[in-house]
Amino acid sequence: MDSIATTVDQKKIIWLASYPKSGNTWFRAFLTALLGNGDLNINQMKTDGIFSSRGIFDDATDMDSTYLLDSEVKLLMPEVFTHVVSQYEKDRLFVKIHDAYILNEAGIPIVPAEPTLCALYFIRNPLDVVGSFANHNAGTIDDSIQLMNKPKGTLAKQKRPIGELNVNNQFAQIMLSWSGHAESWTTDMPFPVMVLRYEDMLHDQLNTFSKAVAFMGIDKTPEEIEKALFESRFEKLKEQEKEKGFMEKNRSSESFFRSGKSGGWVNELTPEQIKLIVDNHKTVMEKYNYPIPDLAVKQ
Amino acid sequence: MFKYWGFGLQIISEIEFPEFLPAEFEKPDLTISMGNVPETLTGDDTIHKVRVSISPTEYLQKVINVAHYYVANGTEIRIEPQPGADEKSIRLFLLSNAMAAILHQRNTIPLHASAVYHQDGVVLFCGHSGAGKSTIVTALQAKGYKVFSDDVCVLKPAEDNENLIVSVPSYPMMKLWVDSFAKTGITMAGEDDRLRPNLAKYARFYHDEYEIIPRPIKQVFMLDTNSLEQQAGIKKMASIESFSALQRNTYRHVQMNAMKKRDFHFNIVSKLTAAVPVYRISRPQHVNTVNEVIALIESNLPSNG
């Protein structure tokens, strides 16, 4: 008998998928508090890593993945996460992912359906993502807009004058554009996907989080959910970051948790910047009920 | 057939390895051949992972689009190249994974470390790929230090003293990421020197000044890129901390666990940490701190005399 099963005996993975800065980390903090009866240390989240983790990949393949090309890594990703579920006794794995739901060179989705239970897709008004993303990258608003509008936008890609290094602890993540990302995760999916609007997570909190908890098949009372929400409230996350730092923060950025609000774009973006976002993402914005600003009004 | 010395072993190979040191001998320790490999490994003690199976005596790895490698009993590597694979890639994955399996099977420890000579022994620089091992060794070489080994050093007890842990070099080739050339001021490698097509890491041979004699370890520096400061810092590590850091830097620690070598490793690494000071050098990832790190290393080397 083999000591480790190679086939998937159970669908276990719940993908926490999003474009960056759309509530993913907040939700993981909430889950940590929910599953840990209120305990939350932002540097010890109880979720199960990120899809793009080099450590998870190297451990599953016994490869030194710095020798692999990114296209080779993406060929193996479905097998890696199918293998990962066989390594755990617990029946749910929460895996964060910023990659778009795309195909690898073999024409197979990089995210395997076989071990997948379901996915939550977090979406946030792109006009608010811009400023938060710029803060995250310690870059400018215009840099963020450019990346969000780029059809093949990529996160954590290492550019050097000659070729690319390949030593980050995360692989490059192809995100497509902001709209492309959202559409990739919500069109013709082979597993159930629930879309959560960041704005609903803020303003219709208990209802929105309760729906997500039920969707994942986790049995918790409204009181337990409320307690977890209280323990993972934005002010507390920000306070913990201030006190102890946050290891998921980009090194050059000042803080990971910035304002956590919605609608801040009104004071952050110029009419030209707003137009660049709206022109590129109007269809998906309308689909998820984000009001299209009347550019004639704002000066 | 080609005859070489590499990783402390006498190697006879069906394919040419410009990386190894040519050697003459009667009896090989390791034979590298081409041929069909088993489709799978069986047996109760076999661990199956993604395209790799590991037992205490056998190792089978299928590197996508490159080759399948079968490694047995510390004495044999068989290669089954995949259609369209280039020779450099076939050699690169043999020199990393299959060789690591050979070394684990032979009860030696491949440590992820580069090293330079110091006094009557060597000083090791450990760290994951990208931590700066090869860059530091290249910078020290430019200052007159002699390179002992790059990327991997093999640890084993000395033949005449089982309590003394010595290091054996791997093979006379350094592997440098593209940015290391500018950081250390050496001439950029050519296109032919790429380790494999499209990979921004390059080979730099040093066969002419290479020695194969095992050397005692005088000191260990752990390199990491986790510093939140803008400059590099150094700290002496407590022995428990240095023990686990060394274990983490075992090359292919997945193999160590799957081959049930933890007790053996515990023994060797304990002897090493009991006898040798270990320092941690932390630097920020995206800042060129080569000169700072070299200064920290030099001011913390065991003093001469």
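Predicted model: local features only at pLDDT ≥ 70, side-chain atom pairs only at ≥ 80, totals over all residues.

Analyst: Buried area is the accessible area, found with a 1.4 Å probe, that two parts lose on being put together, summed over both. The size of an interface is often given in this way.

Chain B is divided into domain 1, residues 2–105, and domain 2, residues 109–299. Taken over C-alpha atoms, the centres of domain 1 and domain 2 of chain B lie 23 Å apart. Their contact takes 30 residues from domain 1 of chain B and 31 residues from domain 2 of chain B. Between them, these two domains bury about 2,500 Å², and 68% of that area is on carbon and sulfur atoms.

As to polar links, there are 0 salt bridges between domain 1 and domain 2 of chain B, while 13 residue pairs are in polar contact, both residues having pLDDT 80 or more. On the side of domain 1 of chain B that touches domain 2, at least two residues each come from β1 (2–6), β3 (21–22), β5 (47–49) and α1 (87–105). The largest share, 12 residues, is that of α1(B). Sorted by class, this side of domain 1 of chain B holds 17 nonpolar, 8 polar and 5 charged residues.

Within residues 239–248 of chain B, helix α4 has Ser242(B), Phe243(B), Ala245(B), Leu246(B) and Gln247(B) as its buried residues. Among the elements that cover the buried residues of α4(B) are β10 (109–118), β17 (215–224) and α6 (262–275) of chain B.

The account now turns to the partner chain. The contact takes 47 residues from chain B and 31 residues from chain A. About 3,200 Å² is buried between chain B and chain A, with carbon and sulfur atoms giving 53% of it. In chain B, the residues that lose the most area to chain A are His48(B), Val50(B) and Ile64(B), which together make up 19% of what that side buries.

Across the interface of chain B and chain A there are 4 salt bridges. In one salt bridge, the side chains of Glu79(A) and Arg51(B) meet at 2.4 Å, N to O. Polar contact joins 14 residue pairs between chain B and chain A, both residues having pLDDT 80 or more. Elements that each supply at least two residues of the side of chain B that touches chain A include β5, β7 (58–63) and α3 (178–184) of chain B. α1(B) gives the most to this side, with 4 residues. By class, the side of chain B that touches chain A has 20 nonpolar, 18 polar and 9 charged residues.

How values were computed:
Residues numbered from 1 in each chain as written. Chains lettered and ligands numbered in written order. Heavy atoms only, no water. Domains from an automatic or database assignment. Contact = heavy atoms within 4.5 Å. Polar contact = N/O pair within 3.5 Å; in protein donor to acceptor, adjacent residues only side chain to side chain. Nonpolar A, V, L, I, M, F, W, Y, C, P; charged D, E, K, R; others polar. Buried < 20%, exposed > 50% of the residue type's maximum accessible area, 1.4 Å probe, protein only.
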